[in-house]
Amino acid sequence: MTEPLALAYEERGSGPVLVFIHGFPLDRRMWIGQLAALPKLRRCVAVDLRGHGLSVLDNPKPTFSMDLFADDVAATLDELGADQADICGLSMGGYVALAFWRRHRDRVRSLILCDTKSEADGEEAKAGREKTAQLVREQGMEALFDQLGPKLLGSDPTEETRLLLRDMFLAQPPAVIAADALAMRDRPDSTPDLPGIDVPVLWLHGEEDQLMPIDGARATAEKIPGAVFVPIPGGGHMAPMENPKVANDALGEFLKKK
Ligand code: MLT
């Protein structure tokens, strides 16, 4: 059995911990706009999931699961000396946040879900994950960026956002990204958990998200009692990166109330 691992992270600010969990196939740097704006309210901690960014990879042929990633976040909270945290995840990071809720709910002060979904993969999506794993193993991260990168952004991204996105893709080891794809293929359906979530929830979603269209996300958020849903104008799948001003205002308002 793979043991949980404390993760590499970047932090700003002090006070109650707010953990940011990145999406696929990225690292902590996607939260740069949030780390710049929110440290007055929280000790903001953006983690690199196992094998991504600066986090170590203890196995050259890794296998992952959303549960393992969630347990790594819990081990990181232990290292930070934090009993509880606000847990914020984007897309795959949202799958991890929902796994964290299932496995460590007493440690969750609030959940912030961004451009994510609760359902498991269907058969077609599962086959797609296998193709993604094969693509990165055989052709590397540039090939994945060419295929997926443009679909992650809204219609008018800044050059800075596009370049940072590309940098993050190219920085990840293909074996790690292949393992992410297979872990997402095997993730469970989190939909049955939604009505039982009894901490405050904020859901941020790009109005132009091509991968996870906003109407479906709004309907999912409605299954969580009291969840606040905020559409992000000009945002694609990377909404907090693409429109940090609106995302940070919504985060600030949500965090101040608690
Ligand atoms: C992500 O951004 O993390 C991915 O789009 C998630 C997924 O492919 O399901």
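Trainee: Where does Ser91 lie?
Mentor: Ser91 is in the loop between S4 and H3. Helices (DSSP runs of H or I, at least four residues) and strands (runs of E, at least two) are numbered from the N terminus. The model is a predicted one, in which local features need pLDDT of at least 70 and side-chain atom pairs count only at pLDDT 80 or more, while totals for chains, interfaces and linings use all residues. Residues are numbered from 1 along each chain as its sequence is written, and side-chain values use heavy atoms, with hydrogens and water left out.

Trainee: Is Ser91 buried or exposed?
Mentor: Ser91 counts as buried because its relative accessibility is 7%. Buried means under 20% relative accessible area, exposed means over 50%, and partly exposed is in between (1.4 Å probe, protein chains only).

Trainee: And what is the phi of Ser91?
Mentor: It is positive, about 55°, although Ser91 is not a glycine. Most residues other than glycine have a negative phi, and most peptide bonds are trans.

Trainee: What about phi of Asp115?
Mentor: Asp115 is not a glycine either, and its phi is positive, near 40°. Asp115 sits in the loop between S5 and helix H4 (123-139), and it counts as buried because its relative accessibility is 0%.

Trainee: Which kind of peptide bond joins Phe24 and Pro25?
Mentor: A cis one, with omega about -5°. Pro25 belongs to the loop between S2 and helix H1 (32-37).

Trainee: Turning to the ligand, which residues surround it?
Mentor: The ligand is surrounded by Gly23, Phe24, Ser91, Met92, Tyr95, Arg129, Met184, Leu211, Met212 and His237. A residue is counted here if one of its heavy atoms lies within 4 Å of the molecule.

Trainee: How far is an oxygen atom of the ligand from the side chain of Tyr95?
Mentor: An N or O atom in the side chain of Tyr95 is 2.5 Å from a ligand oxygen. For the side chain of His237, an N or O atom is 2.8 Å from an oxygen atom of the ligand. Phe24 contributes a backbone N or O atom, 2.8 Å from an oxygen atom of the ligand. These are polar contacts: pairs of N or O atoms within 3.5 Å; within protein, one atom must be able to donate a hydrogen and the other to accept it, and residues adjacent in sequence count only if both atoms are side-chain atoms.

Trainee: What is the order of the strands in the open sheet?
Mentor: The seven strands follow the order S1-S3-S2-S4-S5-S6-S7, with mixed pairing. S1 and strand S7 (228-232) are the edge strands, each pairing on one side only. Two strands pair if DSSP finds at least two bridges between them.

Trainee: How many bridges join strand S5 to strand S6?
Mentor: Four bridges join S5 (residues 108-114) to S6 (residues 201-206), and the two strands run parallel. Leu111 stands opposite Val201 in S6.

Trainee: What does H3 touch when it packs on the sheet?
Mentor: H3 touches S2, S4 and S5, and its direction makes about 155° with that of S5. Helix H10 (residues 244-256) lies across S2, S4, S5, S6 and S7, at about 175° to S6. Contact means heavy atoms within 4.5 Å. Axes are lines fitted to C-alpha atoms, for helices over the stretch in contact, and angles run from 0 to 180 degrees between N-to-C directions.

Trainee: How many residues of H2 are buried?
Mentor: The number is 12 of the 15, so H2 is largely enclosed by the rest of the structure. What covers them includes strand S1 (9-12), strand S2 (17-21), strand S3 (43-47), strand S4 (85-90), helix H3 (92-104) and helix H7 (174-185). H2 covers residues 66-80 and reaches 21 Å from its first C-alpha to its last, close to the 21 Å expected; the expected span is 1.5 Å times one less than the number of residues. Gly81 follows H2 and has a positive phi, near 75°.

Trainee: What does Asp72 touch?
Mentor: Leaving out residues up to four places away in sequence, Asp72 touches Glu3, Pro4, Leu5, Leu7 and Arg50. Asp72 is part of helix H2, and its side chain reaches the backbone nitrogen of Leu5 at 2.7 Å. Asp72 counts as buried because its relative accessibility is 0%.
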